[in-house]
Amino acid sequence: MTADRSSELDRPLAVTRYRVRVGDQETTVAIVERAAGLFVRLDDGPERPLEILARLADGELSVVLDGELLRALVGEREAGRMIVYGGRSVDATVLDERAARLASAAAGSRRAAAEAAIRAPMPGLVVAVNVEPGQAVTRGMTLVVLSAMKMQNELTAREAGTVKEVHVSAGQTVDQNQVLVTLA
Amino acid sequence: MFSKVLIANRGEIATRVVRACRELGIRAVAVFSDADRGAPHVRTADEAYPLGGTTAAESYLRADRLIEIAKRCGAEAVHPGYGFLAENPAFASACAAAGLVFIGPPPEAMQALGSKTSARKIMEAAGVPVVPGTLDAIPTPAEAADLAREIGFPVALKAVSGGGGRGMRVVERPEDVESAFRQASDEAAASFGDPSLYLERLVVRPRHVEIQILADQHGNVVHLGERECSVQRRHQKLVEESPSPAVDAALRAQMGEVAVKAAQAVGYTNAGTCEMLLDQQGNFYFLEVNARLQVEHPITELVTGIDLVHQQLRVAAGEPLGFKQSDVQLRGHAIECRIQAEDPDNQFFPSTGRITAVRAPHGPGVRLDGALEAGMDVTPLYDSLLAKLSVWAEDRPAALARMFRALGETQVLGVRTTVGFHRWLMRHPPFVAGDVDTEIVQRDWMPQTELPPDELERLAVLAALAEHLGGRRRQVVAPAAEAEGRWLSFARRAALRVP
């Protein structure tokens, strides 16, 4: 069911492009408005019809994409949107084309810095810090033990590296997202 | 029967007990911390009183305040739920001293079972099989290391006063004993107020199978079959089912008999659970008795047709059990998935935040026990269990399909949940084949960092479309608690208005 682009009458009324990033994966989504209705194009793929069934105040977004029903909850997050669909919940960053171009210059350096920071996944009490600056760490090694929700949670290194800085010490209370250890 | 019962708990289990009280014509009294004012368990009760404080220690663990409130409001009995004061013999004794019925086993039985070392001694003496290990608390890390070498690795360090996997560490190598001992000991001290640990041989690739027991005050003890609870992370259960794919009628009868024997050995009454390890060869060992209602009790209710909370209330009021062992028949298959506010893709770390929208599952064979609703804040103060989704069907394959369907209907916006993990599990070949052990999550679960292309496409379309339709416009979700507050204040203003 591809739109008939040969017809002059069915020229797009508007095309808006968004860049959507989920984790490390990025996709370009073009939303195409035509007299015949709404269509969507992913990257260089074909145009597919999109029908909106419901957009409710609590976040429900139900659509039919090329005949397939998608029922989701979409909410706002600090840095984008949270989408709950098919038992999965993901955070997505959505930029329209202009914003994406502006952001791309700074993104490289910022992303590298973010990946090296070990942050508190929740507020809690630092029970132990197992590493010191200059120390080499292997993937999976426990860096900090954080007590929260009646549990001792071991925060581990996601990649091998060297400890650049330790920002907290045992006995200290930390907030969610606070940087605990920086790896280089 | 009682006419009024105070529920000394919060969250889904408080709601569960409120429902049972309603069904038996008992007035249900809720209590709440400052953080829980307006929480679902409070708003569903008949009466509610503030405990003050925010942390568990300042609120739901305040035995003195709970008893004072129960006396003042005229409650005759206290239901402790699970966790908090549920297995605290001092609280049970204090209730009795204040003239209140504690809905649970007698304090003496709790005392005997509460310390796992004393429980092991009693069970050994009663002829109940136990795992090789020490019977006493180990004073120092160095002594723990010596003992571990004697028993042979791997070993498990466990909290003497603990349960639920807190204060527990598995140690595989001699050089790790001392640091594990310190961590487990700190965790035990923080969670149970007692740092003592004991040690035992780790049974490799065991199943965790438990038997539900029910005992009245007239000497009748029955068992209600088993629950398979092997799917765990951090030694805490995520999914349970009944019956267990590894237990046949003969083994069930054998394990049930042992569980009944364990209950009789300590003069147990009310509902309780005998946890056991089942090895690959079909040998089973006593682990501990959980002297309370278990989180996963709904699946036993689904396959036996017996309401455990009703039975708890009846037994505590002095009624004899209305059925015998031969009346207990398991029918069909039940599965429970614990919907936790945790991120399965990031080591099951707790996820906090405000829940802005909830889509609950419905339909044939589906049961949801929960206090889950939009507007609710998930804080690091309490447990991360949001709701328990249980299904019943005529056999295991049908139950797996039904659970997969119900999970697909379950959507929670605002925090990470274990729903995606559960969906994966329901179609994970070893689980589908019934081949599980307590390490299945650690061994087989792969965090989903890469999305399959078709899924990424759908999510990208949804995200872009939400942006397209709404921009950064604010959601107009009214937190349920506040919404009700607004209606109440409007009603109050209307009532005060002079005509």
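Helices here are DSSP runs of H or I with at least four residues and strands are runs of E with at least two, numbered from the N terminus. The expected span of a helix is 1.5 Å times one less than its number of residues. The model you are looking at is predicted: local features need pLDDT of at least 70, side-chain atom pairs count only at pLDDT 80 or more, and totals for chains, interfaces and linings use all residues. Residues are numbered from 1 along each chain as its sequence is written, while chains are lettered from A and ligands numbered from 1 in the order in which they are written.

Let's start with helix α16 of chain B, residues 453-470. Its 18 residues reach 26 Å from first C-alpha to last, close to the 26 Å expected.

Now turn to an open sheet of three strands in chain B, ordered β7-β6-β8 with antiparallel pairing; two strands pair if DSSP finds at least two bridges between them. Strands β7 (169-171) and β8 (197-201) of chain B each have a single partner strand, so one side of each is left without a neighbour in the sheet. Five bridges join β6(B), residues 155-159, to β8(B), and B:Val155 has B:Arg201 as its bridge partner. Helix α8(B), residues 177-192, lies across β6, β7 and β8 of chain B, at about 25° to β6(B). For such angles, axes are lines fitted to C-alpha atoms (for helices over the stretch in contact), and values run from 0 to 180 degrees between N-to-C directions.

Another open sheet in chain B has eight strands in the order β13-β12-β9-β10-β11-β14-β21-β19, again with antiparallel pairing. Its edges are β13 (284-290) and β19 (366-370) of chain B. Between β11(B) and β14(B) there are four bridges, and B:Ser242 stands opposite B:Ala334.

Is B:Phe2 buried, exposed or partly exposed? B:Phe2 counts as partly exposed because it has 19 C-beta neighbours inside 10 Å. Leaving out residues up to four places away in sequence, B:Phe2 touches B:Ile26, B:Glu76, B:Ala77, B:Leu313 and B:Ala317, where contact means C-beta atoms, placed from the backbone, within 7 Å.

Finally, the contact between the chains takes 50 residues from chain A and 48 residues from chain B. On the side of chain A that touches chain B, the largest share, six residues, comes from strand β6(A), residues 68-77.

Notes
Two residues are in contact if their C-beta atoms, placed from the backbone, lie within 7 Å. A residue is buried if 20 or more other C-beta atoms lie within 10 Å of its own, exposed if 12 or fewer, and partly exposed in between; C-beta atoms are placed from the backbone.
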